[in-house]
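Subject: Structure for you to look at

Hi,

Here is the structure I promised to pass on.

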Amino acid sequence: MKYRFTHWENGDITPQRTLTLSADAAVTATYAVMTKRLTFASTPIGVQAVVNGQTITAGQSIDLPEGTQVTIIVPGEVSV
Amino acid sequence: MKWQFNHWENGDVNVEHVVTLAGDMTLTAYYEEAVQSVSLVVTSSPIAVKVTVDGYEYDTSTPITLQPGNHTIVAPSNAVSGSDIYNFKQWNDDGSTNPTKLINLTADAVVACTYQIQVVPPGKGSIGIHAFLDLTEIIAPYEIVETATTGNTPAIVELTVGNYTVKVTYGSETKTLPITIIDGQNIRLDFQFTTTPPPPGFDPSILILIGIAAAATVL
């Protein structure tokens, strides 16, 4: 799983930080999982699919961690 | 409207599709209009006959799979069963006496027709001519020279009592048979042809010549 730096404990969002150590100190860098956007489309429109167990309708998107193995299942026959 | 899954954007034809999310991506499922089908059964009574539906021949009581929509059923104008001749009487649903029926199918359907036995007038008999190709009855337009009537085999010809020679031509093949018509008798004549396969553009017409036989050739 890939992570992306988001901020320091002081709110600084710049990955590079300079500080003067005048006493004991703890610094915390926060990372978040990197996601990618999966969009489902269909022809004709309106078809529903199940993406890793989650139902979405054509035209909708879902954000998932980058590198995720995605299993998408659509119905063999639809009435729309 | 019903749609049948066809493929994914990468050509995968399975409804279950597996990918690794390496970047933003769009997965597209493509569907095609589902081809719907309905069943048609044509029945006939009191005898079984061969009918054509959209030009293809079927035995009555055989389920036929068709797409919804308009179709043309053609029942033979007459048919021979044993030594009896039957004439088309009507379609039972609407009473139509036209052997050709147009039907709009929206669901499974059974269409029934009725035949009635032909009564041969005194002093007359009849022949029913059936032409076969590899044991399959030839359904083709025919022409009877004397009356210039056209239709499909079997050809039913009513004749006065007497002796005749029947000549049937299919393509380049000709078959000849002497017959004797007896009062009230119906005769079934089967002719087997071997013109296989009919070449492209082959005229499927059957020519039937009926001539009065010379006394010396009468059986």
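Before the rest, some housekeeping. This is a predicted model, in which local features need pLDDT of at least 70 and side-chain atom pairs count only at pLDDT 80 or more, while totals for chains, interfaces and linings use all residues. Residues are numbered from 1 along each chain as its sequence is written, and chains are lettered from A and ligands numbered from 1 in the order in which they are written.

Helices (H or I, at least four residues) and strands (E, at least two) are DSSP runs, numbered from the N terminus. Two strands pair if DSSP finds at least two bridges between them.

Chain A has eight strands and zero helices. Of its 80 residues, 10% count as buried, where buried stands for 20 or more other C-beta atoms within 10 Å of the residue's own, exposed for 12 or fewer, and partly exposed for anything in between, with C-beta atoms placed from the backbone. Among contacts in chain A between residues at least 6 apart in sequence, 51% join residues at least 24 apart; a contact here is a pair of residues whose C-beta atoms, placed from the backbone, lie within 7 Å.

Four strands form an open, antiparallel sheet in the order β5(A)-β4(A)-β7(A)-β2(B). β5 (54–57) of chain A and β2 of chain B stand at the edges with a single partner strand each, so one side of each is left without a neighbour in the sheet. On average, neighbouring strands of this sheet are turned by 30° against each other, direction ignored (axes are lines fitted to C-alpha atoms, for helices over the stretch in contact, and angles run from 0 to 180 degrees between N-to-C directions).

Within that sheet, β4 (residues 48–51) of chain A pairs with β7(A) over two bridges, and V50(A) stands opposite I73(A).

The contact between the chains takes 27 residues from chain A and 23 residues from chain B. On the chain A side, the elements that give two or more residues are β3 (35–43), β7 (69–73) and β8 (77–79). The largest share, eight residues, comes from β3(A). That side divides into 14 nonpolar, nine polar and four charged residues, counting Ala, Val, Leu, Ile, Met, Phe, Trp, Tyr, Cys and Pro as nonpolar, Asp, Glu, Lys and Arg as charged, and the others, Gly among them, as polar.

**A mixed sheet in chain B**

Five strands of chain B form an open sheet in the order β7-β4-β12-β10-β9, with mixed pairing. Its edge strands are β7 (64–66) and β9 (78–81), each pairing on one side only. Strands β10 (residues 84–91) and β12 (residues 109–117) of chain B pair in the antiparallel sense over five bridges, and W91(B) stands opposite C113(B).

**Backbone points to check**

Most residues other than glycine have a negative phi, and most peptide bonds are trans.

- The peptide bond from T43(A) to P44(A) is cis, with omega near 5°; P44(A) sits in the loop between β3 and β4 of chain A.
- S45(B) and P46(B) are joined by a cis peptide bond with omega about 5°, and P46(B) is in the loop between β4 (38–45) and β5 (50–53) of chain B.
- N52(A), not a glycine, has a positive phi of about 45°. N52(A) counts as partly exposed, with 14 C-beta neighbours inside 10 Å.
- D54(B) has a positive phi near 55° and counts as exposed, with 11 C-beta neighbours inside 10 Å.

Notes: Two residues are in contact if their C-beta atoms, placed from the backbone, lie within 7 Å.
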